[in-house]
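I open this notebook page with the coordinates on screen, and I want to go from the chain as a whole to one helix pair and then to the question of confidence.

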Amino acid sequence: MERQLETVRTENAIAWARQHLGTTSYASRCLAFVEDAYERSNELELFGGDFAAESAALYAARDNDGEPPAGAFVFYDFTGEMLGRRQNWGHVGLCVGDGLVIHAWDEVRTDHYRQIPALAVPPGWDAPRWAGWTPVQRVLEGCRPKDWTPEGDAATAARRMQAARFGDGTAATA
């Protein structure tokens, strides 16, 4: 039964993500995008990190190499300046199968997981480097039901949460 539920949740997440192809509202919010795919389509709340590199560490993504399965979170190290800080923020996408990853870059798009390191990056950013993937079972650990209706539009809510966690980016870097 649990395996069937994971399959349904994965299918829901992939369908939700595909509905957002081409949107620019998740630019620089890749983790919010993949989390929203699972959360909004399944009325769940996930508990990962505050940014993709932190989630990759929490989910032990480096333990998994090779082609990710459908539903997996696919992680990359991705260092640059954002919100007034230069660090490894990471990058994450959602595997939709056959090595294809839907992710929020300049817009929500689909690329093969091996091609993401070759994408054009913003000035001052290093090219993304493969970090590994996390299976859907691990992503869903500890999730709980949540009604997202009061939060409104997913992308707008993601921007609000980002500002609440990191500020508006005007703080000086140390």
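I take helices (H or I, at least four residues) and strands (E, at least two) as DSSP runs, numbered from the N terminus. On that basis I find five helices and nine strands in the chain of this predicted model, and I read their order from the N terminus as α-α-β-α-β-β-β-β-β-β-β-α-β-α.

Next I looked up burial and surface. Of the 174 residues, 47% count as buried, while the chain exposes about 8600 Å², of which carbon and sulfur atoms supply 50%. I also checked the contacts between residues at least 6 apart in sequence, and 66% of them join residues at least 24 apart.

I then turned to the packing of α1, residues 2-19, with α2, residues 30-42, and noted an angle of about 120° with the axes 8 Å apart. The crossing in which α1 passes α2 is right-handed. From α1 the contact draws on V8, R9, T10, N12, A13, W16 and A17, and from α2 on F33, D36, A37, Y38, R40, S41 and N42. I sorted the residues of this contact into seven nonpolar, four polar and three charged.

For the chain, I note a mean pLDDT of 90, with 87% of the residues reaching 70 or more.

Conventions
Residues are numbered from 1 along each chain as its sequence is written. This is a predicted model: local features need pLDDT of at least 70, side-chain atom pairs count only at pLDDT 80 or more; totals for chains, interfaces and linings use all residues. Side-chain values use heavy atoms; hydrogens and water are left out. Axes are lines fitted to C-alpha atoms, for helices over the stretch in contact, and angles run from 0 to 180 degrees between N-to-C directions. A crossing is left-handed if the near helix is turned anticlockwise from the far one by less than a right angle, and right-handed if clockwise. Contact means heavy atoms within 4.5 Å. Ala, Val, Leu, Ile, Met, Phe, Trp, Tyr, Cys and Pro count as nonpolar, Asp, Glu, Lys and Arg as charged, and the others, Gly among them, as polar. Buried means under 20% relative accessible area, exposed over 50%, partly exposed in between (1.4 Å probe, protein chains only). Accessible areas come from the Shrake-Rupley method with a 1.4 Å probe; for residues, only the protein chains shown count as cover. pLDDT is the predictor's confidence in each residue, from 0 to 100.
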